[in-house]
Amino acid sequence: MDSDTILKGALLIGPLMVAVVFHEVAHGWVARFFGDPTAAQLNRLRFNQIRHIDPLGTIILPMGLALSGLPVFGWAKPVPVMQSRLRNPRFDMIWVALAGPGMNLLLATVGAIALGLFSSMGLPPVVLAVAFMFISVNLFLALFNLIPIPPFDGSKVLGGLLPPALGEKIAQLDRYGFLIFAALILVVPRLLGFDVVDKVIGPPFEALQAFYLRIAAMVA
């Protein structure tokens with residue numbers, strides 16, 4: 001393992017922690033707006049990263065993926081949302097679910113502006129690299145979470161749009177979320193030769209990344 005790979009893994013941890021923590025807090029903010037104060041009552045709407053860090057999902061897995069040269073993904077401790085406390089549980093949950101990916105797209109915009117400004121200021125390449133990683137991590141996290149199967153946010157969007165009985169069946173699969181995630185990343189590519197990240201996430205990721213880099217170039 002070369003030093004460049006280790007450096008890349010180290011530089012990714014900061015942007016990823018910000019991305020996943022803001023993602024989760026956004027869920028809680030929107031849930032509170034629509035009537036569920038659970039996250040606020042449990043003091044989970046602050047950006048104190050210690051409260052949100054999941055050792056496996058926020059540190060160990062992302063670092064391992066980065067050092068292996070694989071797409072980096074991770075998660076924080078989920079902010080608790082009680083769908084039954086929302087004013088219109090079925091449809092309000094759609095907005096709660098979209099809040100996380102939406103926050104990541106907003107953060108990617110901030111990252112693009114920062115990258116443009118940093119470039120115009122002639123800051124060191126390592127600073128530009130972190131800004132670029134910040135954009136990429138947020139875009140990847142937003143798109144991955146929009147996959148419409150549990151445990152991702154996209155499944156909650158789909159569940160709210162489908163007939164209630166079918167939506168409930170999808171929600172019941174959340175308990176198998178980690179197994180589904182592992183199957184998508186590890187099992188499906190090996191057994192079926194279908195790389196979900198490359199085939200499903202790759203094209204929109206590259207298009208969005210090019211768009212945000214154009215924003216950075218305009219700022220610079």
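**Chatting through salt bridges, loops and a nonpolar patch**

Student: Let's start with Asp 198: what's its relative accessible area?

Tutor: Asp 198 comes out at 44%, so it's partly exposed. For that scale, buried is under 20% relative accessible area, exposed is over 50%, and partly exposed is in between, using a 1.4 Å probe and protein chains only.

Student: Before we go on, what sort of model is this?

Tutor: It's a predicted model, where local features need pLDDT of at least 70 and side-chain atom pairs count only at pLDDT 80 or more, while totals for chains, interfaces and linings use all residues. Residues are numbered from 1 along each chain as its sequence is written, and side-chain values use heavy atoms, with hydrogens and water left out.

Student: OK, back to Asp 198. Which residue does it form a salt bridge with?

Tutor: That's Lys 199, with the closest N and O atoms 4.0 Å apart. A salt bridge here is a side-chain nitrogen of Lys or Arg within 4 Å of a carboxyl oxygen of Asp or Glu. Lys 199 has 52% relative accessibility, so it counts as exposed.

Student: How many salt bridges does the structure hold?

Tutor: Three. One of them joins the side chains of Arg 85 and Asp 36 at 4.0 Å, N to O. Arg 85 is in the loop between α4 (55–67) and α5 (89–120) and Asp 36 is in the loop between α1 and α2, so the pair ties together parts 49 residues apart in sequence. The helix labels follow DSSP runs numbered from the N terminus: helices are H or I with at least four residues, strands are E with at least two.

Student: Asp 36, buried or exposed?

Tutor: Buried, with a relative accessible area of 1%.

Student: What else does the Asp 36 side chain reach?

Tutor: The backbone nitrogen of Met 82, at 2.7 Å. That's a polar contact, meaning a pair of N or O atoms within 3.5 Å; within protein, one must be able to donate a hydrogen and the other to accept it, and residues adjacent in sequence count only if both atoms are side-chain atoms. Leaving aside neighbours within four places in sequence, Asp 36 is in contact (heavy atoms within 4.5 Å) with Ala 31, Pro 80, Val 81, Met 82, Arg 85 and Leu 86.

Student: And which residue does Lys 156 pair with in a salt bridge?

Tutor: Asp 174, at 3.7 Å, N to O. Asp 174 lies in the loop between α8 (164–172) and α9, and Lys 156 lies in helix α7, so parts 18 residues apart in sequence are tied together. Asp 174 is partly exposed at 31%, and Lys 156 is partly exposed at 25%.

Student: Where does Asp 153 sit, then?

Tutor: In helix α7, residues 153–161. Setting aside neighbours within four places in sequence, Asp 153 is in contact with His 23, His 27, Ala 97, Pro 101 and Asn 145.

Student: Last topic, the surface. Which residues form the nonpolar patch?

Tutor: Leu 186, Val 187, Leu 191, Leu 192, Phe 194 and Val 200, with about 610 Å² of accessible area together. Those areas come from the Shrake-Rupley method with a 1.4 Å probe, and for residues only the protein chains shown count as cover. Patches are made of residues with over 30% relative accessible area and no salt bridge; like charges are joined within 9 Å, nonpolar side chains (Val, Leu, Ile, Met, Phe, Trp, Tyr) within 5 Å.

Student: Which helix gives the largest share of the patch?

Tutor: Helix α9 (residues 177–192), with four residues. Phe 194 is in the loop between α9 and α10 (196–219), and counts as partly exposed at 38% relative accessibility.
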